[in-house]
Amino acid sequence: MIKPSDMSPRRLSDISPEIRQLKSLVIDEELNEELKSSRSVEYINNASIEERILRITGYYGYVPWNASLREEDQSGSEKVEVKVETETVKSGCVNRLQRLRCCLCTTAVLLRRALWGVAMVICICASWTGCTQLAKITVRRLNVPFTLTWFSTSWNCAIFPLYYLGHLCCSKDRQSPKQRFRECCQFLGDDGLPLRMLLSRVAPFGVLWTLTSYLYLQGLRRIPATDACALFCCSRAFVFLISWIVLRDRFMGVRIVAAILAIGGIVMMTYADGFHSHSVIGISLVVASASTAAIYKVLFKLVLGNAKLGEAAVYLTVLGGANLVFISAVPLILLLTGAEDFVSPRDLPWPSICGMSALLLVFNFLLNFGVLVTLPTLISLGVVLSVPVNAVIDRYMCEIQLNSVRIIAVSIICLGFLLLLLPEDWDQCLPHLRSMLHKREEPQECARDKHSETLHIRPREAKNCNAKTTPSVH
């Protein structure tokens with residue numbers, strides 16, 4: 001007799017007749033396995049003895065080994081599992097889309113920065129190469145190195161207007177030119193630009209700037225543009241040596257090696273033409289120009305520190321203005337005394353003069369403001385790449401003999417320049433990079449080992465299977 005679930009008894013005495021009739025409770029092995037696999041086993045284990053007997057005897061109208069009920073439980077569990085799986089798949093898809101978007105954004109940023117870096121390297125290389133070639137053409141046609149230096153330096157007055165145009169295009173807090181100029185002049189002093197400030201902080205650097213350009217142009221009159229451009233790259237080695245002595249910078253063995261390579265390249269460059277007086281004087285002038293450029297950079301860092309972009313624009317503009325106002329009499333005196341060639345303005349090669357000045361202005365602008373879009377290392381790399389470009393041009397114009405000594409000397413100087421581009425913590429980056437590569441190789445080796453283990457195990461299993469399946473022959 002089966003009672004409904006709402007008439008369930010509370011004591012065993014209520015079903016005593018059924019218990020008396022139940023003399024033995026025997027469960028087959030198959031039924032026992034079905035009970036273990038069914039969900040009702042959990043309820044039976046947690047229930048009391050009375051509840052267990054009532055459930056087993058079918059008093060509640062529930063038979064756990066009934067196939068239809070078991071199928072309903074399985075279908076319900078399958079529905080729950082399908083829902084969980086669909087939710088996990090959806091969440092996985094969302095995470096994958098987010099990761100894909102992040103990867104695309106970072107890739108776009110890195111690609112844009114790389115493209116800007118490549119464009120900056122090309123522009124710096126082209127401007128410095130063109131400036132050197134046009135300066136060589138001008139000074140070999142006319143002996144006017146100081147006048148050309150004064151004329152090209154005066155173009156620096158256009159740097160701050162170019163910077164202000166960029167400020168108007170990019171900055172949200174726009175200021176008037178006067179306000180922006182005063183704000184950028186604060187690193188020179190709170191009083192603006194008095195005469196004492198110009199004499200103490202602008203005049204020494206103006207002299208070094210003019211001397212660097214003048215010596216470089218004098219050297220271009222005597223040696224090819226390739227040699228002059230390669231020798232001028234030694235200025236970075238001189239900057240390290242002077243900074244190590246004056247500024248007490250960190251000692252680095254790699255940079256000492258780079259400085260030695262630069263000096264060795266200078267000696268080999270001198271030997272390339274057989275120690276002729278004409279080439280030796282030209283090499284000495286360009287090396288002196290590189291030295292004054294190094295002194296300019298070290299003193300600027302010592303006196304004025306690391307100037308910001310606006311401050312650098314103001315300083316170069318003030319330098320060009322001071323050159324235009326205070327040094328204008330010097331080239332006039334040199335022309336009148338015959339120290340430099342005096343010709344009428346009509347006979348001057350204005351395309352080469354203006355082109356050289358414009359390219360030098362572009363070079364100085366990119367050299368100071370290129371850090372906005374790319375790394376400083378790429379900017380320096382553009383200067384090094386101008387050496388082979390000048391070599392190709394000089395070889396095409398038949399102005400240089402590329403013998404083995406000259407090629408080795410240029411290569412040594414460029415190698416020293418590249419070594420100077422290494423960061424200060426390069427020795428710490430190498431072990432970190434090595435550990436990263438080692439970690440990437442470990443999973444691959446583990447996968448190979450597992451694959452080889454499976455290859456060794458499978459033949460053994462095949463042999464065992466063959467041994468079991470082959471009948472014994474008597």
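**Reading rings and helix contacts**

Author: Phe300 is buried, with a relative accessible area of 15%. Buried means under 20% relative accessible area, exposed over 50%, and partly exposed in between (1.4 Å probe, protein chains only). The model is predicted: local features need pLDDT of at least 70, side-chain atom pairs count only at pLDDT 80 or more, and totals for chains, interfaces and linings use all residues. Residues are numbered from 1 along each chain as its sequence is written, and side-chain values use heavy atoms, with hydrogens and water left out.

Reader: How many aromatic pairs are there?

Author: Rings of Phe, Tyr and Trp (its six-membered ring) pair if their centres lie within 6.5 Å; planes under 30 degrees apart count as stacked, over 60 as edge-to-face and the rest as tilted. That rule gives 15 aromatic pairs. In one of them, the ring centres of Phe146 and Tyr214 are 5.9 Å apart and the planes stand at 65°, so this pair is edge-to-face. Phe146 belongs to helix H6 (residues 145-154) and Tyr214 to helix H9 (residues 195-220), 68 residues apart. Helices are DSSP runs (H or I, at least four residues), numbered from the N terminus.

Reader: Is Tyr214 buried or partly exposed?

Author: Tyr214 is partly exposed, at 25% relative accessible area, whereas Phe146 is buried at 15%. Nine of the 10 residues of H6 are buried, including Trp150.

Reader: Which ring pairs with Phe300 in an edge-to-face arrangement?

Author: Tyr315 does, at 5.1 Å centre to centre and 75° between the planes. Phe300 lies in helix H13 (residues 277-303) and Tyr315 in helix H14 (residues 309-326), so the pair ties together parts 15 residues apart in sequence. Tyr315 is buried, at 1% relative accessibility. Ring pairs also join Phe205, Trp209, Tyr296, Phe300 and Tyr315 into a cluster.

Reader: At what angle do the axes of H10 and H17 cross?

Author: Axes are lines fitted to C-alpha atoms, for helices over the stretch in contact, and angles run from 0 to 180 degrees between N-to-C directions. Helix H10 (residues 225-232) and helix H17 (residues 376-396) have axes that come within 8 Å and cross at roughly 170°. These helices are therefore roughly antiparallel (the term applies over 145 degrees).

Reader: Which residues make the contact?

Author: Contact means heavy atoms within 4.5 Å. H10 contributes Ala225, Thr226, Cys229 and Ala230, and H17 contributes Ser386, Val387, Asn390, Ala391 and Asp394.

Key
Helix = DSSP H or I, 4+ residues; strand = E, 2+ residues; numbered from the N terminus. Parallel < 35°, antiparallel > 145°, perpendicular 65-115°, else oblique.
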